Amino acid sequence: MNIAGKKRVPICILSGLLFLLPILAAVICLGIGRYSLGIKDTIELLASHFTDRQADPKELSVLFQIRLPRILLAGAVGAGLSCAGTAFQGLFSNPLATPDTLGVASGASFGAVMMMLFNGSLLSIQIAALVFGLLSCYITYSISRKNGRSGIIMIVLAGMVISAVFEALVSLIKYVADQEDQLPVITYWLMGSMSRASYKNLKLGLPFIIGGIAIIFALRWRLNILSLNDDEASSLGVNIHMMRLLIIVAASMITASSVSMCGQVGWVGLLVPHIARMIGGNDNRFVVPLGISLGAFFMIIMDTFARSATAAEIPISILTAIIGAPVFIMLLRKTGGVWG
Amino acid sequence: MRFEVKGGSFGYQSEMILDDINFWVEDGEILSVLGPNGVGKTTLLKCMMGLLKWKKGTSMLDGTDISRIKPRELWQKIAYVPQARGAAFGYSALDMVTLGRSAHLGTFAQPGKEDYEAAEAAMEDMGIRHLRDKLCTKMSGGELQMVLIARALTISPSMLVLDEPESNLDFKNQLIILETIKALSEKRGISAVVNTHYPEHALKISNKALILNKNGSDLFGRAEEVINEKNMRNAFSVQVYIEDIHLDGKQYKSVVPLYLVS
């Protein structure tokens with residue numbers, strides 16, 4: 001039934017572990033980088049924020065101004081995208097659904113890239129990405145509505161179309177962009193990077209991610225019901241149209257917001273939920289929290305690797321695919337995919 | 001509880017599939033719905049529960065139009081057992097059965113200890129405790145059907161609506177399912193509306209029968225009266241022979257299809 005049942009680990013210990021995992025990764029990764037710090041130093045520095053102990057201002061600046069926002073962003077994006085992926089896979093009863101199934105990431109990318117073309121500020125890029133991400137979700141949902149209802153297949157097909165349209169628009173912008181300075185920026189941005197993380201960005205973007213995660217987390221058991229067919233789900237007393245809309249909005253908020261802060265980060269939304277299922281079974285009551293924790297953990301590690309493995313930064317999407325794919329294949333071969 | 005359909009009609013565009021259907025069931029009664037493939041049996045079930053809207057007519061629960069009853073309240077009284085088909089994700093039997101508690105729980109609530117206990121009790125009643133941790137994707141049709149019935153029982157419904165519960169099952173499993181439905185009606189007074197392809201099964205368990213004909217007409221009445229050779233020939237274009245078998249002091253009915261009639 002679930003990991004807690006099989007291994008007889010009390011739920012509270014398990015949730016504690018899940019909660020601690022990303023935090024532990026964050027503390028260790030805070031110390032890693034060109035200016036490296038030990039775990040003890042890191043904890044002392046973090047604590048100095050609350051105590052009177054004098055700390056080296058240079059170390060403080062590295063830790064609080066550069067690394068902490070970046071790690072917060074990575075953790076939030078990893079947790080959010082895994083959560084959104086789990087939600088969409090359940091909602092569409094399709095193990096291949098990703099946070100971008102409704103074209104939200106393509107829409108958000110278009111918004112951001114368009115602002116870059118007009119040399120907009122970082123904040124305007126973020127806002128445009130958010131607006132276009134949610135807009136594409138809205139268009140997708142309205143196309144799929146017929147007689148006040150929208151079938152899952154219609155939603156997925158509409159999503160594919162909207163995604164294709166926005167991808168074409170992104171290509172158009174790349175085509176007309178200045179080849180000397182704009183095109184490289186756009187291309188690099190599309191590959192995804194946490195390097196623009198700042199508290200100002202986080203303030204605008206994090207509430208959407210946290211709000212989305214909270215909604216999906218609260219509805220995680222209902223996700224099991226939504227993955228049944230429509231009539232079955234309705235007959236269990238669930239208002240499927242309302243519930244579907246809530247989950248779509250929540251997942252889209254997460255996706256649009258994370259694209260707005262760090263560009264497209266591929267794979268996490270597919271990879272992590274499946275890893276969570278292989279560990280904990282299919283019950284979304286466990287898959288959702290497990291995915292949130294593993295997603296944050298995975299992304300914090302990946303981003304640390306991206307910024308510190310080589311002298312130049314490696315785009316995050318390249319890493320998630322190159323490291324994620326073999327791990328996924330290995331797990332797939334080993335478990336045979338327990339969802340099957 | 002009395003469930004009644006009055007003048008139910010349904011169709012797509014101009015073509016009517018179901019026309020002026022009338023029937024009712026009361027506590028502990030079993031109604032079998034018979035009719036050839038494609039005549040609209042599943043559509044009838046969906047319409048009567050409000051999953052599809054009647055074009056004309058109404059479904060009434062104790063005299064109240066069900067479209068005026070809050071969905072949550074309605075689905076605490078009516079439990080739908082769909083045809084057993086594979087799901088995309090393999091939930092364990094226990095998790096699947098627990099989903100039945102949904103209509104009793106708040107939107108953001110998670111099932112608690114008592115919900116799992118209700119689920120285990122329902123599985124115990126159905127004699128499928130051993131399936132507790134088995135994944136639904138790995139089950140046989142018969143096992144999955146039993147799980148779906150157990151899920152319906154966790155609702156503590158007044159009425160079960162079953163869509164061809166014994167199709168695709170072997171002899172033994174068919175008997176198990178039929179006897180389970182019969183036992184639920186006799187012991188707990190749960191009424192049932194059952195779609196079936198087998199007149200024999202209808203005769204075995206049901207008090208009432210509704211026969212849907214290709215030409216849109218229908219017949220409703222006591223099972224033994226309505227299921228006769230003439231009506232079967234009209235509905236299925238098959239000449240049947242209905243035979244009484246007396247064995248060990250019990251009476252069984254056998255329906256033998258003889259030949260096609262045009």
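Chain B has a radius of gyration of 19 Å, which agrees with the value near 18 Å that a compact globule of 262 residues would have; the radius is taken over C-alpha atoms, and the globule rule is 2.2 Å times the number of residues to the power 0.38. The model is a predicted one, in which local features need pLDDT of at least 70 and side-chain atom pairs count only at pLDDT 80 or more, whereas totals for chains, interfaces and linings use all residues. Residues are numbered from 1 along each chain as its sequence is written, while chains are lettered from A and ligands numbered from 1 in the order in which they are written.

Along the principal axes, the C-alpha atoms of chain B fill a box of roughly 55 × 45 × 35 Å. The secondary structure of chain B comprises nine helices and 12 strands, these being DSSP runs numbered from the N terminus (helices: H or I, at least four residues; strands: E, at least two). Of its 262 residues, 45% count as buried, that is, with 20 or more other C-beta atoms, placed from the backbone, within 10 Å of their own.

One open sheet of chain B is formed by four strands in the order 2-1-4-5, with antiparallel pairing, where two strands pair if DSSP finds at least two bridges between them. Its edge strands, each pairing on one side only, are strand 2 (15–26) and strand 5 (64–65) of chain B. Strand 5 of chain B pairs with strand 4 (residues 56–61) of chain B in the antiparallel sense over two bridges, and D65(B) in strand 5 is the bridge partner of M60(B).

In chain A, the axes of helix 2 (residues 11–31) and helix 14 (residues 284–308) come within 8 Å and cross at roughly 10°; axes are lines fitted to C-alpha atoms over the stretch in contact, and angles run from 0 to 180 degrees between N-to-C directions. Helix 2 of chain A is therefore roughly parallel to helix 14 of chain A, a description given to angles under 35 degrees.

The contact between the chains takes 26 residues from chain A and 25 residues from chain B. On the side of chain A that touches chain B, helix 10 (220–226) and helix 11 (230–235) of chain A are the elements that give two or more residues, and helix 11 gives the most, with four residues.

How values were computed
Buried ≥ 20, exposed ≤ 12 C-beta atoms within 10 Å, placed from the backbone. Parallel < 35°, antiparallel > 145°, perpendicular 65-115°, else oblique. Contact = placed C-beta atoms within 7 Å.
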